[in-house]
Each structure stands twice: as C-alpha cells, then as structure tokens.
Amino acid sequence: MSATGRIEYIDALRGFTMILVVFHHIMSLGMGIESSVCSSLFITFRMPLFFFISGFIASKTAEIPTWKIWAEKIRKKTSVQLLPTLVFGLLFTYVVRHEDIGSFLMHRWKFGYWFTISLLEMFLIYYTAICLTGKFFRRKGGGRKCDRPAAIILVGLAATLYLLKYALKNIGITDQENDLLCLQDTFFYFQFFVFGNLAARNQNLFERLLDKKYFLTGILILFTLLFLRQTETDPGNSTSAMLQSAEALLCRYCGLLIVYSFFRRHQANFTQAKPLGKALQYVGRRTLDIYMLHYFLLPHLPEVGEYLLSAPNLVLELSVGIALSLLVTGICLIISSVLRLSEPLSHYLFGAKPAHR
C-alpha cells in the first residue's frame with residue numbers, strides 16, 4: 001500500500017497495460033502489422049487486464065444504500081469517462097480523420113475510443129446490481145452482509161451478457177444500436193470486470209490459490225498449449241470455431257493470471273522507492289490522459305512495418321515497438337501535464353478532482 005492507500009503493484013500493472021495498448025496501436029495502426037507473435041501474445045491479456053483492474057478497484061463499492069447515491073455515482077462516472085471521450089473522440093474524428101460526428105458515433109470502435117464507453121456501461125450495470133442486491137438482501141436478511149448474493153448475481157450477469165453477445169439480433173438489437181453503444185465489447189469484457197471485482201472481494205482466497213505449489217505451473221502450461229493452438233483455426237468449421245472461441249477465452253484468463261501473478265510476486269520492485277515502479281505507477285495514474293491523447297501521436301511508419309513483416313524477428317519487433325510506445329507515452333504525459341495546469345481542463349478532460357481552496 002502507498003501512503004494514499006493505493007495498491008502500488010496494481011497501479012504499476014495498469015501502467016504496464018497502458019503501454020501495451022500504445023504498443024498495439026503503433027504496430028497495427030502506425031505500421032500495419034495486424035498479426036505477429038507479439039501482437040497475438042499481448043492480445044491474450046491486454047484488454048482483459050484493463051477491465052480486471054477496473055473491477056478490482058471497483059470492489060471498494062461494497063454497497064449503494066440509496067438510489068440518490070446510485071445516481072451520483074453514475075453522474076461522476078459519466079463526467080469522468082463520457083465527456084473526455086466525446087471531446088477527444090470528436091476532435092480526432094474531425095481533425096485527423098476528416099469525418100463527421102455521425103461517422104464517430106456509428107463506428108463500432110469509435111475510431112479507438114470505445115473503451116471508456118464500454119467501461120461506463122459496465123459501471124452502470126455493476127452499480128445497479130450492487131444497489132438492488134443490497135436493498136433486497138439487507139431487508140430480507142436483517143442487515144447481514146450481501147457479498148455472497150452480490151457475487152452470485154454478478155457472475156450470473158457476466159455469463160448472461162457473454163451469451164447475449166452472440167444473440168443481439170435475436171433480442172431485437174440492431175447493428176446500428178450495437179455499434180452506437182459498443183454492446184458487443186461491453187457484453188464480452190464484463191466478465192473480466194466481474195472477475196477482478198470478485199478477486200478483490202475475496203483477495204485472501206484468491207492469493208492463496210495463486211500461491212499453491214502447482215497452480216501457476218498448470219496455468220503456464222495451459223496458456224502455452226492454448227496459445228500454440230490458436231494458429232490452427234478452421235474458419236469453415238462451425239464446431240472448430242466454437243471450440244476456438246472457448247480456447248481463446250480460456251487463454252485470456254490464463255494470460256491475465258500470469259501477468260497479475262508476476263506483478264504481485266515481484267511487487268517489491270514496483271513500489272515508489274524503485275525507479276521502474278515509480279514510473280509505471282505514474283503512467284498507471286494517467287491512463288485516461290494517455291488513452292485520450294495517444295491516437296493523435298501515433299507515427300505513420302508503413303515502411304518499417306513492411307520490413308518487420310518481411311523478416312520477422314521477435315527481439316527487433318519488441319525493441320522498435322516498446323521504444324516508440326515509451327516515446328509516445330512520454331509525449332502524452334507532457335501534453336497532459338500542460339493541460340492539467342488549467343484546473344477546469346484538468347477536471348473536465350481528465351476527471352481530476354477540483355482543488356479545494
């Protein structure tokens with residue numbers, strides 16, 4: 001724990017994950033490398049980790065006793081996540097892509113700005129579930145804790161939404177509505193939000209499991225086998241496609257657990273007292289800033305991408321990608337620091353709390 005009560009290795013883990021997001025966008029959008037060993041490896045845990053961490057931190061919300069508090073929490077989340085998304089997303093659409101507001105709103109991934117929209121929807125689902133669970137079980141149980149019923153309901157919601165992802169048209173949701181609200185991504189990734197939330201609520205049990213002698217060994221072996229299997233997809237075989245989806249999902253969970261376990265096991269190296277820990281924690285506390293700004297700074301290097309694809313080299317790809325990712329991240333932090341000199345901009349663009357005078 002830091003002096004402010006934050007879990008230091010979680011902040012460092014979030015910073016590491018943000019750098020991987022920048023890495024992926026540099027490789028795919030800047031260099032045109034959609035598929036490589038690095039990209040395939042990082043995609044197994046990059047976005048699941050982000051939602052896992054969000055759910056982990058959200059576990060502090062144990063109960064929402066009134067709808068007034070529920071509305072206030074939703075208002076704050078909307079202000080922090082939706083307003084910056086609209087400002088930066090529309091600016092990116094107009095200035096960089098030279099397209100109109102309709103193109104941004106109806107693009108499935110909002111030209112990259114889908115993450116905060118999906119996360120806002122997850123908090124809406126989560127806060128509603130916690131509020132309803134607390135009200136019902138507090139009334140029925142005479143004030144007893146609601147953790148177990150909340151866990152059951154959240155797991156049920158995660159499973160239901162995951163299945164609905166494949167049946168949106170069957171429940172009357174059009175492609176336009178799906179694209180506007182980023183529903184497929186929300187429904188798919190909500191399970192990782194719930195996983196992080198339950199891991200934090202049952203942290204002692206979760207960590208005892210991770211510390212078991214052969215648990216991580218099995219996870220590492222399973223992850224390796226599943227990752228190697230991903231190259232054997234047969235798009236024409238529906239049974240194979242279903243099996244591939246299940247294997248890819250399990251691979252994501254394994255990758256998430258491996259990376260989380262690494263940061264937890266080596267958390268002494270990710271404290272404020274260590275240069276690496278201090279740097280990653282700073283990035284982790286500025287993920288919204290970096291996420292909003294980095295799309296404007298992605299280098300256009302198709303020739304470099306063609307060279308890396310013509311002679312695949314894991315070390316070279318990592319070196320070039322990480323170096324450029326750190327450069328873009330650093331420039332984002334400088335721009336963010338300048339914008340944060342203005343208290344209104346700091347508050348409305350990056351969700352910073354206004355200073356009390």
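User: How much space lies in the largest pocket?

Analyst: Rolling a probe the size of a water molecule over the atoms shows where empty space is left. Here, about 1700 Å³ of space lies in the largest pocket. On a 1 Å grid over the protein atoms alone, a pocket is an open set of points where a 1.4 Å probe fits, with protein on both sides within 12 Å along at least five of seven lines, and lining residues have an atom within 4 Å of a point. Grid points are joined across faces, edges and corners, and a volume is the space filled by probe spheres set on the points. The lining of this pocket consists of 50 residues, and those closest to its centre are Arg6, Arg14, Ile57, Lys77 and Val80.

Before we continue, please note that this is a predicted model, in which local features need pLDDT of at least 70 and side-chain atom pairs count only at pLDDT 80 or more, while totals for chains, interfaces and linings use all residues. Residues are numbered from 1 along each chain as its sequence is written, and side-chain values use heavy atoms, with hydrogens and water left out.

User: Which element gives the largest share of the lining of the largest pocket?

Analyst: Helices (H or I, at least four residues) are DSSP runs, numbered from the N terminus. Helix H4 gives the largest share of this lining, nine residues. Among the elements that each supply at least two residues are also helix H1 (8-30), helix H3 (46-58) and helix H6 (115-141). By class, the lining has 23 nonpolar, 13 polar and 14 charged residues; Ala, Val, Leu, Ile, Met, Phe, Trp, Tyr, Cys and Pro count as nonpolar, Asp, Glu, Lys and Arg as charged, and the others, Gly among them, as polar.

User: What is the volume of the second largest pocket, and which residues lie nearest its centre?

Analyst: Its volume is about 1200 Å³. This pocket is lined by 40 residues, and His24, Ile43, Arg46, Trp109 and Tyr189 lie nearest its centre. Two or more lining residues come from each of H1, helix H2 (37-43), H3, helix H9 (183-201) and helix H12 (238-265). The lining comprises 20 nonpolar, 13 polar and seven charged residues.

User: How many salt bridges are there?

Analyst: Side chains of opposite charge can pair when their charged atoms come close. A salt bridge is a side-chain nitrogen of Lys or Arg within 4 Å of a carboxyl oxygen of Asp or Glu. By this rule, the count is nine.

One of them joins aspartate 289 and arginine 340, at 2.7 Å from N to O. This pair links distant parts of the chain, 51 residues apart: aspartate 289 is in helix H14, and arginine 340 is in the loop between helix H16 (314-339) and H17. Aspartate 289 is buried, with a relative accessible area of 1%, whereas arginine 340 is partly exposed at 21%. Buried means under 20% relative accessible area, exposed over 50%, and partly exposed in between (1.4 Å probe, protein chains only).

User: Where does lysine 110 lie, and what is its phi?

Analyst: Most residues other than glycine have a negative phi, and most peptide bonds are trans. Lysine 110 lies in the loop between H5 and H6 and has a positive phi of about 50°, although it is not a glycine. Phenylalanine 111 is found in the loop between H5 and H6, with a positive phi of about 55°. Lysine 110 is buried, with a relative accessible area of 1%, and phenylalanine 111 is buried at 9%.

User: Where is cysteine 251 placed?

Analyst: Cysteine 251 is in helix H12. Cysteine 251 is buried, with a relative accessible area of 0%. The C-alpha atoms of cysteine 251 and leucine 226 are separated by 5.9 Å, although these residues are 25 residues apart along the chain.
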